[in-house]
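Biologist: I'm new to reading structures like this one. Could you walk me through it, one feature at a time?

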Amino acid sequence: VEDKSRWITDTTDLLKDEASAQLRADWIHHQFWLGEEAGWRSLVTWFVLGWEYDRSWTEGVLERIEEFAPHWPAQGRQRLKILQGGLRSFSADLESVQELIELLEELGRRDWFKAQFAVECGAIVKLARGDWLHRQEKYLEALQLFFDVDSDVPEQANQLKRSLAQSLSSSGWALVLIKGKPTPSPEGERAFQRAIVIQADSTNHWNGLGSAQQGAKNYKKAIASYEKAIELDPNDAAAYNNRGNALSDLGQKEDAIASYEKAIELDSKNSSLHGNLGWLYLECDRLDLAKHHTTKALKLKPDQGWLIFNLGLICALDNNLPEAIQHWKQGIEIHTNLLFTHFYTIVIGEQETGLEQLQHTLNNSESTIDDIESILDDAEVLTRCPTPIPGLPEAIALLKTALEARQPKGSP
């Protein structure tokens, strides 16, 4: 085995090299033939490495040693059950994964990892613990573990580095993208920055960094990050869409339109892309194009309340308030955000009920700044309506008061 792997430097290749992997599996099987203790000590290190680098090989090894299990005491049989359960159900069963991680952590404390690979095995188990925390939405705890792993990964462990970068990126997205919108998160931004250091050719990491920067209102940096993603993959529709969002936030409407149009050229069946472009045309008072893209978006995804509300806004600006009200009533039926449904209850003519509901929800729910700002954007559009909307000034006043109350002290 050692002779076959003498010139292999990346740990991954120790299991990808067919001859070396087969010999190693035979050796582990032979150690179990000699005795349970010898077998376990020979297996544990390679189980951990195989868990990360080649699960099919690892499953094969476990299947081969099952023949010895009837001769083991209960502890040995339970240990095999934990290894098999955690390996097979890693994507679904949190309890089985927890049992596996705790077993491997204990064996690591007992110095059962082969010295040559002890640091790498420890990093793999710690990364698994972080991923386990992530799946429970404990993103900051997971992220701290990922940063710890970053200092432990051996230089030659290239696949483990890529796995770490993906885990960092996953936590970054969870912290940065809230309800589909970029949100300020220094921890999330740091996660993407580190993922890029490890794996600089990933458009996903650059898009994530751009979203973190956009959430922090660093729009120029965000645009630069999105453009790096585009440089890496000129066919990345998401990067063009993200760049369009940032350009729009920066007030560069025509450049934003061009970016959205390129995204649609690359992914013409994406409802959100048409919806974003439709909204931008609405803001620019180009109602025909706004209606074209919003209608297109609704044909692709008819159950999107925000698009139905936007179609009503277009009709209202086009001085067709009766049709606008029909769309808004339809949107109220399917939209899940109470702030939006209460606001549009006001503009369809039920001012007293809508204002009371809006006030109650603003006072008694955890409505986010983003939600309130989004409704204020809709309200701003409605102030341009040729026909005045009763109750609109009062709704705007309530929303602005609530927004001011939620802003951090000292913010503009």
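Biologist: Leaving aside neighbours within four places in sequence, which residues is Leu-382 in contact with?

Modeller: Contact here means heavy atoms within 4.5 Å. By that rule Leu-382 is in contact with Leu-313, Ala-316, Trp-328, Phe-343, Val-347, Ile-389 and Leu-392, once neighbours within four places are set aside. Before we go on: this is a predicted model, where local features need pLDDT of at least 70 and side-chain atom pairs count only at pLDDT 80 or more, while totals for chains, interfaces and linings use all residues. Residues are numbered from 1 along each chain as its sequence is written, and side-chain values use heavy atoms, with hydrogens and water left out.

Biologist: Which residues touch the most other members of the largest nonpolar core?

Modeller: First the idea: a nonpolar core is a set of buried Ala, Val, Leu, Ile, Met, Phe, Trp, Tyr and Cys residues joined through side-chain atoms within 4.5 Å. Buried means under 20% relative accessible area, exposed over 50%, and partly exposed in between, using a 1.4 Å probe and protein chains only. Here the largest core has 68 residues, and Leu-282, Trp-328, Phe-343, Tyr-344 and Leu-382 touch the most other members. Its largest share, 9 residues, comes from helix 17. Another core, of 58 residues, lies apart from it and includes Phe-32, Val-61, Ile-101 and Val-149.

Biologist: Trp-328 is in that list. Which residues of helix 18 are buried?

Modeller: Helices are DSSP runs (H or I, at least four residues), numbered from the N terminus. In helix 18 the buried ones are Leu-321, Ala-324, His-327, Trp-328, Gly-331 and Ile-332. Seen down the axis, these fall within an arc of 145°, so they line one face of helix 18. That arc is taken from the directions from the helix axis to the C-beta atoms. On the other side, Pro-322, Gln-326 and Glu-333 are exposed. The buried residues pack against helix 17 (305-317), helix 19 (338-347) and helix 21 (369-382).

Biologist: Why would residues three or four places apart point the same way?

Modeller: Now try helix 12, where Tyr-219, Ala-222, Ile-223, Ser-225, Tyr-226, Ala-229 and Ile-230 are buried. They cover an arc of only 160° around the axis, which puts them on the same side of helix 12. The face turned away carries the exposed residues Lys-220, Lys-221 and Glu-231. As for partners, the buried residues of helix 12 pack against helix 11 (203-215) and helix 13 (237-249).

Biologist: How many salt bridges does the count come to?

Modeller: In general, side chains of opposite charge can pair when their charged atoms come close. The rule asks for a side-chain nitrogen of Lys or Arg within 4 Å of a carboxyl oxygen of Asp or Glu. That gives 14 salt bridges. In one of them, Arg-64 and Asp-26 meet at 2.8 Å, N to O. This pair links distant parts of the chain, 38 residues apart, with Arg-64 in helix 4 (residues 55-65) and Asp-26 in helix 2 (residues 18-34).

Biologist: And where do Glu-106 and Arg-109 lie?

Modeller: Both are in helix 6 (residues 94-109), 3 residues apart, about one turn of the helix. Glu-106 is partly exposed at 32% relative accessibility, whereas Arg-109 is exposed at 59%.

Notes:
Helix = DSSP H or I, 4+ residues; strand = E, 2+ residues; numbered from the N terminus.
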